[in-house]
Amino acid sequence: MTSEDPTPQRDQQAVQRFIERFASVLVEAGVPRMPARVFVALLATDSGRLTAAELADVLQVSPAAISGAVRYLSQVNLVSRQREPGSRRDHYHVYDDAWYEAVVRRERMMDRWNAVMREGVDTLGRDTPAGTRLAESVAFFEFVQEELPDMLERWRKRKAELRDDPSAGDSPTRG
């Protein structure tokens with residue numbers, strides 16, 4: 001995508017369609033539109049990094065739109081801003097483990113949700129339909145939080161295996 005990227009020849013229209021499709025899926029999940037587009041554009045770049053001008057060019061938007069989007073993505077720790085020594089331009093870099101970090105952050109958010117829902121159970125009464133619904137929600141999030149550390153550890157091992165044997169990710173029996 002950039003002159004410094006040793007990017008293989010790709011159908012740039014197909015890449016643009018992919019960026020817009022994936023960004024739309026993220027928007028449906030609650031990510032604001034422009035940050036979703038910027039995030040996917042960075043994911044779709046072999047280097048995982050672009051300048052604001054390069055992002056604006058790829059997405060056909062103004063640099064101001066990029067600025068707000070990367071500010072949002074930085075706040076949620078999905079991208080970082082880096083400056084090359086001697087350069088005046090910032091490069092925005094997507095973290096290799098962005099999804100892992102997003103899950104870990106969501107786990108912290110679940111702690112907060114659970115604390116408030118427990119209050120709701122007490123406030124509404126455990127024996128009421130609303131209290132029962134909230135108590136089941138608390139139990140669900142507690143279950144997820146109990147299972148998550150083991151799942152993340154399994155992922156770290158799987159990731160190490162994938163890096164040792166890139167063809168391991170192609171196996172249909174992996175799950």
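User: How does the lining of the second largest pocket split by class?
Analyst: There are 11 nonpolar, two polar and five charged residues in that lining. Nonpolar covers Ala, Val, Leu, Ile, Met, Phe, Trp, Tyr, Cys and Pro, charged covers Asp, Glu, Lys and Arg, and the others, Gly among them, are polar. This is a predicted model: local features need pLDDT of at least 70, side-chain atom pairs count only at pLDDT 80 or more, and totals for chains, interfaces and linings use all residues. Residues are numbered from 1 along each chain as its sequence is written, and side-chain values use heavy atoms, with hydrogens and water left out.

User: Which residues lie nearest the centre of that second pocket?
Analyst: Tyr-95, Asp-96, Asp-97, Ala-98 and Trp-99, out of 18 lining residues.

User: Switching topic: how many aromatic pairs are there?
Analyst: Five, counting rings of Phe, Tyr and Trp (its six-membered ring) with centres within 6.5 Å. Planes under 30 degrees apart are stacked, over 60 edge-to-face, the rest tilted.

User: Why is the pair Phe-39 and Trp-99 called edge-to-face?
Analyst: Because the planes sit at 85°, with the ring centres 5.5 Å apart.

User: Are those two buried or exposed?
Analyst: Phe-39 is buried at 2% relative accessible area, while Trp-99 is partly exposed at 46%. Buried is under 20%, exposed over 50%, partly exposed in between (1.4 Å probe, protein chains only).

User: Which aromatic cluster are they in?
Analyst: The one formed by Phe-18, Phe-22, Phe-39 and Trp-99.

Notes:
On a 1 Å grid over the protein atoms alone, a cavity is a set of points where a 1.4 Å probe fits but cannot get out, and a pocket is an open set with protein on both sides within 12 Å along at least five of seven lines; lining residues have an atom within 4 Å of a point.
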